[in-house]
Amino acid sequence: MTREELWQLFPIFLTAHRPEWRAWFQEEQQLLKAVLPPEAIGGISHIGSTAVAGIHAKPIVDILVETEKDADWAAMEAALCGKGGYICMSKGPERMSFNKGYTEDSFAERVFHLHLRRAGDNDERYFRDYLNAYPDVAREYERMKRMLWRQFEHDRDGYTAQKTEFVCEYTRRAKREWPGRY
């Protein structure tokens, strides 16, 4: 299937914040702790807009798994794709991404994107915390996402690219306000 065909089958759409997203993350976190080698995990965090109170989001729970520097990523990939039920979407020496909850017809009820990173590669945590600490900035981010939604409904790369400057700016602000937080 081409990227364009995937985008048609799995369009971008936003929904009002749903309190069950937090519970879904917590349940998935327990699964991840059960299938991943505990000595390799530096932390598991709920990130992305579903982790920001009160704003519209794509109904996809983003999870950041930070690993110790010497973690065996091949073993972690095998565990995630085996017992974890994930599909590896991209792989590099310092980052891997996985999806879960995409069916042949559409989205499942629960959809997850898992970001596997080395410890310290966690800008998303700063951005999430900044939006939760500054609701006016969170609402500004929500307005931008709602505007971009229709324009980029079938173009995830374009949607993400249009948000990048905003995300980077507020991540920088968070790191200045909370140096060394993570």
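This is a predicted model: local features need pLDDT of at least 70, side-chain atom pairs count only at pLDDT 80 or more; totals for chains, interfaces and linings use all residues.
Residues are numbered from 1 along each chain as its sequence is written, and side-chain values use heavy atoms, with hydrogens and water left out. The helices (H or I, at least four residues) and strands (E, at least two) that I name are DSSP runs, numbered from the N terminus.

Let me start with the sheet. It is an open sheet of 5 strands in the order β1-β2-β5-β4-β3, and its pairing is mixed, where two strands pair if DSSP finds at least two bridges between them. As a reminder, the strands of a sheet pair through backbone hydrogen bonds, either parallel or antiparallel. At the edges we find β1 (41-47) and β3 (87-91), each of which pairs on one side only, and from one strand to the next the twist averages 20°.

Now to helix α4, which lies across β1, β2 and β5 (107-118) and runs at about 40° to β1. For such values, axes are lines fitted to C-alpha atoms, for helices over the stretch in contact, and angles run from 0 to 180 degrees between N-to-C directions.

How does α4 sit against α6? Helix α4 (residues 123-133) and helix α6 (residues 156-177) pack at an angle of about 85°, with their axes 8 Å apart, which means that α4 is roughly perpendicular to α6 (angles under 35 degrees count as roughly parallel, over 145 as roughly antiparallel, 65 to 115 as roughly perpendicular and the rest as oblique). The contact (heavy atoms within 4.5 Å) includes Tyr 126 and Phe 127 from α4, and Phe 166 and Tyr 170 from α6.

The axes of α4 and helix α5 (residues 135-151) come within 5 Å and cross at roughly 110°, so α4 is roughly perpendicular to α5 as well. Phe 127, Tyr 130 and Leu 131 are among the α4 residues that meet α5, where Pro 135 and Tyr 141 are among the partners.

The buried residues of α4, among them Arg 125, Asp 129 and Leu 131, pack against β1, β2, α5 and α6. Here buried means under 20% relative accessible area, exposed over 50%, and partly exposed in between (1.4 Å probe, protein chains only).

Finally, two single residues. Asn 122 lies in the loop between β5 and α4, and it counts as buried because its relative accessibility is 3%. Not counting residues up to four places away in sequence, Asn 122 touches Leu 64, Glu 66 and Tyr 182.

Gln 29, in helix α2 (residues 20-35), counts as buried because its relative accessibility is 15%, and its side chain reaches the backbone oxygen of Ile 44 at 3.4 Å.

Terms used: A polar contact is a pair of N or O atoms within 3.5 Å; within protein, one must be able to donate a hydrogen and the other to accept it, and residues adjacent in sequence count only if both atoms are side-chain atoms.
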